[in-house]
Amino acid sequence: MSTIPVYRWRLAPEGLATFRQLRALGLRPGGQDVAAQLERPRRRREPLIAFLYRVDLALPVRPMTPARWAALERANAARRVCPECGRDAGYRIPSSLGVCVPCSDNSSQLAA
């Protein structure tokens, strides 16, 4: 079992980047294994963890094709439809509610 190196916040060596940093550079990990781990300490809680990837092994981000844009549109449209009333809410329904706001208000009024 090999362990990966762990670096403290802002002390990672050059050539390593988080997923978001790679994305900002127009890159993706491209199937490579995690090269290191970054830990940001927090008071009275466990540290925040971020995985680091090697920039030299990263691949360019795949371009969005018309089919991928269409699939994304369908997925976002499905998130707008309320499962209770079946209407398009006009916004992405929060997972915390599970239903549109009017249905959530009606169910909370019925429970009270």
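1. Ala-17 stands opposite Tyr-53 in S5. S2 and S5 run antiparallel and are joined by two bridges. Strands here are DSSP runs of E of at least two residues, numbered from the N terminus, and two strands count as paired if DSSP finds at least two bridges between them.

2. On the basis of the note: this is a predicted model, in which local features need pLDDT of at least 70 and side-chain atom pairs count only at pLDDT 80 or more, while totals for chains, interfaces and linings use all residues. Residues are numbered from 1 along each chain as its sequence is written, and side-chain values use heavy atoms, with hydrogens and water left out.

3. The sheet is open, with four strands in the order S1-S4-S5-S2 and mixed pairing. Strand S1 (6–8) and strand S2 (16–17) are at the edges with a single partner strand each, so one side of each has no neighbour in the sheet.

4. Six bridges pair strand S4 (residues 36–42) with strand S5 (residues 45–54) in the antiparallel sense. Leu-38 has Ala-50 in S5 as its bridge partner, and Arg-40 has Leu-48 in S5. The two strands form a hairpin with two residues between them, and Arg-44 in the turn has a positive phi of about 55°.

5. A nonpolar surface patch consists of Ile-4, Ile-49 and Phe-51, with about 250 Å² of accessible area together (Shrake-Rupley method, 1.4 Å probe, only the protein chains shown counting as cover for residues). Patch residues have over 30% relative accessible area and no salt bridge; like charges are joined within 9 Å, and nonpolar side chains (Val, Leu, Ile, Met, Phe, Trp, Tyr) within 5 Å. A salt bridge is a side-chain nitrogen of Lys or Arg within 4 Å of a carboxyl oxygen of Asp or Glu.

6. Ile-4 lies in the segment before S1. Ile-4 counts as partly exposed because its relative accessibility is 31% (buried is under 20%, exposed over 50%, partly exposed in between).

Terms used: Buried < 20%, exposed > 50% of the residue type's maximum accessible area, 1.4 Å probe, protein only.
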